[in-house]
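Please look over the chain shown below. The report then takes its helices, salt bridges and surface in turn.

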Amino acid sequence: MKRNVIITLLLSFILIQARAQQMLTLEEALTTTLSNNFNILLAKNDNKIDIENTSLGSAGMLPAVTGNFSRSNSIQNSRQVRADGQVQQISNAKNDNMSYGVNLNWTVFDGFGMFARRDRFKEIQRQGEAEIKFEVISQLSEVIATYYSLVQQKRLLNALDTTITLSQYRVTLAENRLEIGKGSKLDLLNAKVDLNTDQTNLLRQRESFQNTKTYLNQLMTRDLGIDFQVEDEMKLDTDLKLGDLIQIADQQNPQVQLALINRRVAELNLKSVKAERYPKIGLTTGYNWNESHSSLGFSTENKNKGLNYGVTASLNIFNGFIQNRNERIAKFQVQSTEIQIQQQKQSIQAQVRTLFQTYITNIELADVEKKNEELAKENLNITMDKFRIGTITTLEVRTAQLNYINAMTRSYTAQYDAKVSEIRLKELTGETY
């Protein structure tokens, strides 16, 4: 009766612990990551800066209006000799001058450089958006891979629990046989050693499981101490086609998109450099007030106010061949971006092809290892039946036991490897989840 009460209490404790752990779905993990992840938030902030910079004023297309004010005072000993010989002299003469006004300067033409700058700012904004997409895809891919790593480890923990149950059964059976004189102490010791080995493996696996949970919490940018459970299912997408993947990657891969934007930025930079060959035309206008007082002179007070306006023009005629050099450098930069596009596309295609071959191999391995797991399980069941009636040795039982746990480990690992290959392939194609 006492034993039944203890078992009931233990089961109740396990159920309470299970309820206390939140069931985290993959969709919830992805949603939390999109909202909280530091890298994604930083990329979004950088893009906000790019948006602020994309304005007519930043491109130099709007006038600049300034307000000016100045006041000066002086105390001087002055002596003036006029043309008629008359001498005027005064000590500690006080003079003051005050001016204020509003002025406008507006460059209305600079060889279309302002339009090139405006378009370049727009491309930089697009660049920021591509970087956000790259960061989102990278972080979400890492979250998915980590989540399925937990699924795999959870399965391994269950397999190790099964192994420990079998090992405990072997210890109990060996003890019973020793008590009735049908077993040996060596069998009992071997069973206990195997049980301790299995418990050690379980502890190591639990440590890895908890550390991976911490890493997933870190990716989601939430309290690292939150405990949770993951789902058991790991579905594989077995319909991926190499040709489709390469075509989509060429069009949607964020790194390829960034390379294309960099080329456009380089072309606009060349356009800006060429604009230096054209004249710059500007308009100036303003309304100013000026007032001055002097203790000595033809006039002791002077006041004026009014509008001023004008046109300015300048043309770079010769600057030591610097213009030609700058244009050649800008053209080389455009050529470099063309090479980088081809380089990036080839690199992505190579990664897709390599990962796809790994993906195909892992899919096949997952199928083979799944069948092997079923055979190992059947072999273990037959072995345990024979062990119960005493027709085989403990060594044969342990061999079947290890074969089963190894088969499950290989099966789960093959499924996880196939899933990771699938995730990385979709990451290269620029797919968002």
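What follows is a short report on selected features of this predicted model.

Helix H5 covers residues 185–220. Its 36 residues should span 52 Å at 1.5 Å a residue, and its end C-alpha atoms lie 53 Å apart, which agrees. Just after H5, Thr 221 adopts a positive phi of about 55°.

Helix H7 runs over residues 254–274. It has 21 residues and reaches 30 Å from its first C-alpha to its last, close to the 30 Å expected. At its start, a side-chain oxygen of Asn 253 comes to within 2.9 Å of the backbone nitrogen of Gln 255. The buried residues of H7 include Val 256, Leu 258, Ala 259, Ile 261, Val 265, Ala 266, Leu 268 and Leu 270. Pro 254, Ser 272 and Val 273 are also among them. Which helices do the buried residues of H7 pack against? They pack against helix H4 (113–179), helix H6 (242–252) and helix H8 (322–388).

Thr 146 lies in helix H4. Its relative accessible area is 5%, so Thr 146 counts as buried. Not counting residues up to four places away in sequence, Thr 146 touches Thr 212, Tyr 215, Leu 216 and Leu 219. 

Glu 373 sits in helix H8. Is it buried or exposed? Glu 373 counts as buried, because its relative accessibility is 9% and the cut-off for buried is under 20%. Its side chain makes a polar contact with the side chain of Ser 411, at 3.1 Å. With residues up to four places away in sequence left out, Glu 373 touches Tyr 404, Ala 407, Met 408, Ser 411 and Tyr 412.

## Salt bridges

Side chains of opposite charge can pair when their charged atoms come close. The count here comes to 24 salt bridges. 

One of them joins the side chains of Glu 142 and Arg 424, at 3.2 Å from N to O. This pair links distant parts of the chain: Glu 142 is in helix H4, Arg 424 is in helix H9 (residues 394–428), and 282 residues separate them. Glu 142 is partly exposed, at 24% relative accessibility. Arg 424 is partly exposed too, with a relative accessible area of 24%.

Asp 194 and Arg 170 also meet in a salt bridge, at 3.0 Å from N to O. Asp 194 belongs to helix H5 and Arg 170 to helix H4, 24 residues apart. Are these residues buried or exposed? Asp 194 is buried, and so is Arg 170. Both take part in a network of salt bridges that links Arg 170, Asp 194, Asp 198 and Arg 398.

Asp 237 forms a salt bridge with Lys 426, and the closest N and O atoms are 3.5 Å apart. Asp 237 lies in the loop between strand S4 (228–230) and H6, while Lys 426 lies in helix H9, so the pair ties together parts that are 189 residues apart in sequence. Asp 237 is partly exposed, with a relative accessible area of 23%. Lys 426 counts as buried, at 15% relative accessibility.

## Strand contacts around Asn 288

Asn 288 is found in strand S5. It is partly exposed, with a relative accessible area of 23%. The side chain of Asn 288 makes a polar contact with the side chain of Asn 103, at 3.4 Å.

What else does Asn 288 touch, not counting residues up to four places away in sequence? Its contacts include Tyr 100, Gly 101 and Val 102, and also Asn 304, Lys 305, Gly 306 and Asn 308.

## A nonpolar surface patch

Phe 69, Tyr 100, Tyr 287, Trp 289, Leu 307 and Tyr 309 make a nonpolar surface patch of about 700 Å². Two elements give two or more residues to the patch: strand S5 (280–294) and strand S6 (301–314).

Tyr 100 is placed in strand S3 (residues 87–109). It is partly exposed, with a relative accessible area of 35%.

Key
Residues are numbered from 1 along each chain as its sequence is written. This is a predicted model: local features need pLDDT of at least 70, side-chain atom pairs count only at pLDDT 80 or more; totals for chains, interfaces and linings use all residues. Side-chain values use heavy atoms; hydrogens and water are left out. Patches are made of residues with over 30% relative accessible area and no salt bridge: like charges are joined within 9 Å, nonpolar side chains (Val, Leu, Ile, Met, Phe, Trp, Tyr) within 5 Å. Accessible areas come from the Shrake-Rupley method with a 1.4 Å probe; for residues, only the protein chains shown count as cover. A salt bridge is a side-chain nitrogen of Lys or Arg within 4 Å of a carboxyl oxygen of Asp or Glu. Helices (H or I, at least four residues) and strands (E, at least two) are DSSP runs, numbered from the N terminus. Buried means under 20% relative accessible area, exposed over 50%, partly exposed in between (1.4 Å probe, protein chains only). The expected span of a helix is 1.5 Å times one less than its number of residues. Contact means heavy atoms within 4.5 Å. A polar contact is a pair of N or O atoms within 3.5 Å; within protein, one must be able to donate a hydrogen and the other to accept it, and residues adjacent in sequence count only if both atoms are side-chain atoms.
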